[in-house]
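Here's a walk through one protein model, from its charged pairs to its packing. Keep the 3D view open and click along as we go.

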Amino acid sequence: MKKTVFCVIAHPDDEAFGPSGTLAILSQTHDVHVVCVTDGASDPRFHPIGGKKLSDVRREELRASAKALGVQHVHLLHFQDGTLNNNMYHEVAAKLTELVKEHKPSLLITTELRGVSGHLDHVAVAMIASYVYRENRWIDAIWYNCISKNSSSFMKNYFVFFPEGFDREDVDLVVDITSVFQKKIAAARCHKTQIKDALRVIAKWLILPKEEWFFIEKRRSTVLLV
């Protein structure tokens, strides 16, 4: 029986711009689920297409991205983009816990606790995923996706505060994603409403090592990568 992996993200596209290569590798041998907490619908530049709201379009993009990676399960928690805060911390945690108890993942994947980019939705989701991991002691491990200093240097003007990345010797796991790199690019391109960001990120990926980095917190040693 396949073990289950949950990737817990804040917005549609976080799976593609984040640990998508690792998700593609894990999907070959594991039952991988992407859990997206918000609808990603805060962009004021978007105008409805064919009567579809931005949340509808981004949900379709997320499902297309998951398919490109070989991920069969997508769950949306339907919180509003840009609003995650202490007042709803336990509500988000309760919804995630409900899914965790239903599907029994062995592994949670999320961003490092600064949210990689400093986005406060990312930070909230990383901390909530950590809380759920620590409250459900049968989950084997949680992996925190992080980036290198070289990667973060490309993005320093992207957000209000983009934290500096890490050195290779700082991290616990380096995943070689060479074999699935084209899937990673295909997943990013699925997010057409974010295509400017996607093209900028893809250009960065092309010149950097084909790797994804993680910090690991674990209770049990389980070999999960093929």
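Let's start with Glu-212 and Lys-184, which are both buried, meaning under 20% relative accessible area, with exposed being over 50% and partly exposed in between (1.4 Å probe, protein chains only). Their side chains meet in a salt bridge, with N and O 2.7 Å apart; the term stands for a side-chain nitrogen of Lys or Arg within 4 Å of a carboxyl oxygen of Asp or Glu. The pair links distant parts of the chain, 28 residues apart: Glu-212 sits in strand 7 and Lys-184 in helix 7 (residues 181-189). Helices (H or I, at least four residues) and strands (E, at least two) are DSSP runs, numbered from the N terminus.

A word on what you're looking at: this is a predicted model, where local features need pLDDT of at least 70 and side-chain atom pairs count only at pLDDT 80 or more, while totals for chains, interfaces and linings use all residues. Residues are numbered from 1 along each chain as its sequence is written, and side-chain values use heavy atoms, with hydrogens and water left out.

Back to the charges. Side chains of opposite charge can pair when their charged atoms come close. By the salt-bridge rule, the count here comes to 10. Another one joins Asp-140 to Arg-220, with the closest N and O atoms 2.6 Å apart. Asp-140 lies in the loop between helix 5 (120-135) and strand 5 (141-146), and Arg-220 in the segment after strand 7 (211-218), so this pair ties together parts that are 80 residues apart in sequence. Asp-140 is buried, at 10% relative accessible area, whereas Arg-220 is partly exposed at 36%. Then there's Arg-114 with Glu-112, a salt bridge at 3.1 Å from N to O. Here Glu-112 is buried at 5%, and Arg-114 is partly exposed at 31%.

What about the cysteines: how many disulfides does the structure hold? The count is 0, taking a disulfide as a pair of cysteine sulfur atoms within 2.5 Å. For Cys-36, the nearest cysteine sulfur is that of Cys-7, 9.6 Å away. Cys-36 is buried, with a relative accessible area of 0%. The sulfur of Cys-190 is 14 Å from the closest cysteine sulfur, in Cys-36, which is too far for a bond. Cys-190 also counts as buried, at 17% relative accessibility.

Which residues of helix 4 are buried? They are Val-92, Ala-93, Leu-96, Thr-97, Leu-99 and Val-100.

Next, the nonpolar packing. A nonpolar core here is a set of buried Ala, Val, Leu, Ile, Met, Phe, Trp, Tyr and Cys residues joined through side-chain atoms within 4.5 Å. The largest one has 34 residues, and among them Ile-109 and Trp-143 touch the most other members. Leaving aside neighbours within four places in sequence, Ile-109 is in contact (heavy atoms within 4.5 Å) with residues including Val-5, Phe-6, Leu-23, Trp-143 and Phe-214. A second, separate core of 29 residues includes Val-92, Ile-128, Ile-139 and Tyr-144.

Asp-13 has a positive phi of about 105 degrees although it is not a glycine. Asp-13 lies in the loop between strand 1 and helix 1 (14-17) and is buried, at 8% relative accessible area. His-78 has a positive phi too, about 65 degrees, and is not a glycine. You'll find His-78 in strand 3, where it is exposed at 58%.
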